[in-house]
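Student: I have a new structure to look at. Can you walk me through the ligands?

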Amino acid sequence: MAKTRSDSPEEMVQKLLAGDRRAAARTITLMENQSEKNNQVMKLVYPHAGKSMVIGLTGSGGSGKSSLINHLIRRYRDQGKRVGVVAVDPSSPFSGGALLGDRIRFQAHSMDDGVYIRSMGSRGYLGGLARSTSDVVRIMEAMGNDVVIVETLGAGQDEVDIIHVAQTCVLVLTPNMGDDIQAMKAGIMEIADIIVLNKADLDGAILCLRSLEATIQFAISQREDGWVSPLISTVASAAKTEDLQGINELMKTIRDHQEYLHESRAIDEVQAKRIEQELGLVFKDEVQKFIFKGLKGTGKKRQYIKAIFEGRTDPYSVVEEVLSTFLKVGAKVNETSGSKKHI
Amino acid sequence: MNRDKIKVIVSKVGLDGHDRGAKVVATLLKEAGMEVVYLGMYQTPEGVIRAAIDEDADVIGLSYLSGEHLVYTPKIVNEMKKSGLNDVLLVVGGSFPPEDVPVMKEMGVDEVFRGGSLTKSIVDYIKKNAREKG
Ligand code: B12
Ligand SMILES: Nc1nc2c(ncn2[C@@H]2O[C@H](COP(=O)(O)OP(=O)(O)O)[C@@H](O)[C@H]2O)c(=O)[nH]1
Ligand SMILES: [Mg+2]
């Protein structure tokens, strides 16, 4: 590989803070690749992050998330705000490749210096985002974007990770989803701060709106915070601009929710939850890395697998044993593991 | 499947409305394990370059079927130079006379795939060369 990407984390972060788009792009790639430099980069990014408004859009593929975001970008740009967008699409479980198609809908902003858009494949991570999405949002915050918008991959499953990243979470539904809405409403309706019925121009929209109203009342009653999630109908794509609908209302509702968060101080809890989630992820990764590093070259992993296979023990007992040795005398294990060598 | 994927921008510039080939190639590269940002039709050279920068692309792939390849390719090459994308691979595909292939290569295109190109040759070429430039 001839590519020279040898900038130090310090240089990369310094450049991206100064508005260098290429440096930002390369830093984001490092995050996606879970590279060795990540911890160092994030340590430098973190103090500059956390000052943006973060909005999430979730909902099935094709429901109109990207089309809605396109309008949101325009409105926030009209207000003079800088906008970052992170759009996640599913990676193929077979090839590991991904078709990232959201950018087509953001064409109108392709030359706007105040807009930074990044597409990412989920790379096997579940929950509607990629493992590194929360880090990428932090980077976009540090870049000085006033608003960061996150689009989930839209498999229509319980893509609930978005609530740990976004302050205001918008669920996008459509009239032609039929039974999907029924399947979805259980978990995901409760987490949505705003529910949008997009494609309100389609047949059956009114009927759908009525049945949604009933469902939402139940979902809201399950919420502990007292926010009443509004239901808005929109048309995000139409041949004529005058046929677009509900975009201003969506903007206003997002603002209302943000005001509610700040006035009730609920924003502090939202931020704390996000940090808790980040901490959990980093802990999990680091502990796992630490332990696998310690086991490397000792032949222990194979011994454990063999023992479990032969019924002498089980995964739970093994992990308990490994954890108790490693976490108590971690440094010592690291020392000795280098000397043994067999595979 | 966490690590290092080849990232490719697939796009069309100008007013050419033939997008089938571009879609076929985008899907093909995805199936070969790459991350493909599909920009679709009617792009400007500047817009393609901006996407390549923000997405940290390794490869820019352009598709032409309406005879605009000699008009837009120099613009793309020029924009790439201006933005310092000298390590990004530039490949072109589509429908054009064979004598235009060396012309485009002279302009700075790394490889050209005319209509009927075997899909394997496209995948193999990109896999081999995506990280070798610059
Ligand atoms: C299907 C087709 C159409 C469809 C397009 C549907 C669509 N959404 O794409 C329709 C009917 C709409 C159409 C319309 C027209 N068409 Co037409 N069309 C064709 C046709 C028959 C096949 C193209 C195709 O889809 N091939 C299948 C794909 C998979 O092949 P491909 O694109 O070549 O891709 C392969 C390689 O080139 C390469 N590749 C392509 N792109 C890329 C990109 C990268 C990055 C890489 C690595 C590789 C790569 O890989 C692929 C696999 O090998 C061609 C004839 C031909 N044989 O090419 C004419 C052709 C392209 N059309 C032609 C014309 C003139 C027109 C019209 C102007 C006709 C008219 N008078 O209305 C309109 C213009 C439309 C417009 N707005 O631009 C001419 C163009 C002549 C020219 N070069 O100037 C052609 C060559 C026919 C001819 N011999 O006259 N067309
Ligand atoms: N009829 C109609 N189509 C829409 C509307 N909003 C988006 N679409 C179309 O729905 C398709 C999917 O939109 P997209 O924004 O990509 O959805 P995403 O997958 O959720 O991001 C596109 O073809 C859009 O043009 C709408 O309000 N009405
Ligand atoms: Mg989308």
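Tutor: Start with one term: a polar contact is a pair of N or O atoms within 3.5 Å; within protein, one must be able to donate a hydrogen and the other to accept it, and residues adjacent in sequence count only if both atoms are side-chain atoms. This is a predicted model, where local features need pLDDT of at least 70, side-chain atom pairs count only at pLDDT 80 or more, and totals for chains, interfaces and linings use all residues. Residues are numbered from 1 along each chain as its sequence is written, chains are lettered from A and ligands numbered from 1 in the order in which they are written, and side-chain values use heavy atoms, with hydrogens and water left out.

Student: Which side chain has an N or O atom 2.7 Å from a nitrogen atom of ligand 1?

Tutor: That is D19(B). For G115(B), a polar backbone atom is 3.3 Å from a ligand oxygen.

Student: How many residues are around ligand 1?

Tutor: There are 22, and G17(B), H18(B), D19(B), S63(B) and S117(B) come nearest. Being around a ligand takes one heavy atom within 4 Å of it.

Student: Now ligand 2. Which residues come nearest?

Tutor: G62(A), S66(A), S67(A), R105(A) and A236(A), out of 17 around it.

Student: And its polar contacts?

Tutor: One ligand 2 oxygen is 2.9 Å from a polar backbone atom of G64(A). The side chain of K65(A) has an N or O atom 2.9 Å from an oxygen of ligand 2. With D201(A), a side-chain N or O atom is 2.9 Å from a nitrogen of the ligand. The protein covers 77% of the 580 Å² of accessible area that ligand 2 has on its own (Shrake-Rupley method, 1.4 Å probe).

Student: What coordinates the magnesium ion?

Tutor: Ligand 3, the magnesium ion, is held by S66(A) through OG, D102(A) through OD and E151(A) through OE, at 2.0 to 2.1 Å. Donors here are N, O and S atoms within 2.8 Å of the metal (3.2 Å for Na, K and Ca); water is not among the atoms, so sites may look incomplete.

Student: Where do D102(A) and E151(A) lie?

Tutor: D102(A) is in the loop between β3 (98-100) and β4 (115-121) of chain A, and E151(A) is in strand β5 (residues 147-151), so the pair ties together parts 49 residues apart in sequence. Strands are DSSP runs of E, at least two residues, numbered from the N terminus.

Student: Are those two buried or exposed?

Tutor: Both D102(A) and E151(A) are buried, meaning under 20% relative accessible area (1.4 Å probe, protein chains only).

Definitions and conventions
Helices (H or I, at least four residues) and strands (E, at least two) are DSSP runs, numbered from the N terminus. Buried means under 20% relative accessible area, exposed over 50%, partly exposed in between (1.4 Å probe, protein chains only).
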